[in-house]
Amino acid sequence: MSATPKPMSSEDIIGQKYDRCLADLIVKAGVGFGAGVVGSVILFRRRTWPIALGTGFGAGAAYADCDRSFNPARIPGTRIVSPTELAPASK
């Protein structure tokens, strides 16, 4: 028996990323919704706009994290190296 793990297929990797993004969206939008409800009740005399604003902020943060997950080149400070830069200089 070999102890090497079986490589994951690309469909499984994409599926895991989508699952993580959906869970992140639910959590962050829920936290934003909760903060909006608390702010609405305590500070803004039961107006609805703090609820929508908090939910939108949470969904936007989840979208940004998901975008970084699928496109790592958008992470600040990340540099894409071309194959010619990776090859050692032959002299």
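Predicted model: local features only at pLDDT ≥ 70, side-chain atom pairs only at ≥ 80, totals over all residues.
Residues are numbered from 1 along each chain as its sequence is written, and side-chain values use heavy atoms, without hydrogens and water. Local features need pLDDT of at least 70 and side-chain atom pairs pLDDT 80 or more, whereas totals for chains, interfaces and linings use all residues.

A search of the whole structure gave 2 aromatic pairs. Rings of Phe, Tyr and Trp (its six-membered ring) are paired if their centres lie within 6.5 Å; planes under 30 degrees apart are stacked, those over 60 edge-to-face, and the rest tilted. The ring centres of Tyr18 and Phe70 are 4.9 Å apart and the planes stand at 50 degrees, so this pair is tilted. Because Tyr18 belongs to helix H1 (residues 10–42) and Phe70 to helix H2 (residues 49–70), the pair ties together parts that are 52 residues apart in sequence. Helices here are DSSP runs of H or I with at least four residues, strands are runs of E with at least two, and both are numbered from the N terminus.

The rings of Phe44 and Trp49 also form a tilted pair, with centres 4.7 Å apart and planes at 55 degrees. Relative accessible area (1.4 Å probe, protein chains only) defines a residue as buried under 20%, exposed over 50% and partly exposed in between. Tyr18 is therefore exposed, at 51%. Phe70 is partly exposed at 32%, as are Phe44 at 32% and Trp49 at 46%.

An unreviewed UniProt entry annotates residues 25–44 as "transmembrane region"; such annotations may be inferred rather than shown by experiment. Over residues 25–44 the chain is 90% helix and 0% strand, with the end C-alpha atoms 26 Å apart.
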